[in-house]
Amino acid sequence: MDTSNPKPSFAELLRQSDVPVLVDFWAEWCGPCRTLAPMLEQLQRELSGQLRIIKVNVDRNPAAASAYSVQGIPALLLFRGGSVVWRHAGVVPYAELKAAVAAQL
């Protein structure tokens, strides 16, 4: 096993990113999560290279959801330098989502 270049932890990934990271906490069974998905895809296209979007399935990664006090989904957390600078629970209107992210670019 090659340990010279270990995979960064989730928290390290958030801290080391040179662009803001929007984390989408979701689950396959969540209807509102499916409603939000196309908006996130559009945001990623429009802000390509300026933003990183990571999807975290809460059923597969409950520790990550717990670490950031996610109690309901969908939950969006925007990180800059490893710190949460914006968070929203539930479906957010696209204009509000884009404005929140753009304020951190």
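Tutor: Let us begin with a pair of strands. Bear in mind that this is a predicted model. Strand E3, residues 75-80, and E4 are joined by 6 bridges and run in the antiparallel sense.

Student: What makes E3 and E4 a pair?

Tutor: Pairing requires at least two bridges found by DSSP. E3 and E4 have 6 bridges, so they qualify as paired by that criterion. Within this part of the sheet, Arg80 stands opposite Ser83 in E4.

Student: What is the order of the strands in the sheet?

Tutor: The sheet is open, has 4 strands in the order E2-E1-E3-E4, and its pairing is mixed. E2 and E4 (83-89) each have a single partner strand, so one side of each lacks a neighbour in the sheet; these two stand at the edges. From one strand to the next, the twist averages 20 degrees.

Student: Why is Asn57 called buried?

Tutor: The cut-off for buried is under 20% relative accessible area. Asn57 has 6% relative accessibility, so it counts as buried. Asn57 belongs to strand E2, residues 52-57.

Student: Which residues is Asn57 in contact with, leaving aside neighbours within four places in sequence?

Tutor: With those neighbours set aside, Asn57 contacts Trp26, Ala27 and Glu28.

Student: Why is the disulfide of Cys30 and Cys33 called right-handed?

Tutor: The torsion about the S-S bond is about 80 degrees, and the disulfide is therefore right-handed.

Student: Which residues have the most contacts inside the largest nonpolar core?

Tutor: That core has 17 residues, and those with the most contacts inside it are Val23, Phe25, Tyr68, Val70, Leu77 and Phe79. Strand E1 (21-26), E2, helix H3 (62-67) and E3 each give two or more residues to this core. A second, separate core has 16 residues, including Leu22, Met39, Leu78 and Val101.

Student: What does Phe25 touch, not counting residues up to four places away in sequence?

Tutor: Among the residues that Phe25 touches are Val56, Ala64, Tyr68, Val70, Ile73 and Leu77. In soluble globular proteins, nonpolar side chains tend to be buried together.

Key. Residues are numbered from 1 along each chain as its sequence is written. This is a predicted model: local features need pLDDT of at least 70, side-chain atom pairs count only at pLDDT 80 or more; totals for chains, interfaces and linings use all residues. Side-chain values use heavy atoms; hydrogens and water are left out. A disulfide is a pair of cysteine sulfur atoms within 2.5 Å. Buried means under 20% relative accessible area, exposed over 50%, partly exposed in between (1.4 Å probe, protein chains only). Contact means heavy atoms within 4.5 Å. Axes are lines fitted to C-alpha atoms, for helices over the stretch in contact, and angles run from 0 to 180 degrees between N-to-C directions. A nonpolar core is a set of buried Ala, Val, Leu, Ile, Met, Phe, Trp, Tyr and Cys residues joined through side-chain atoms within 4.5 Å.
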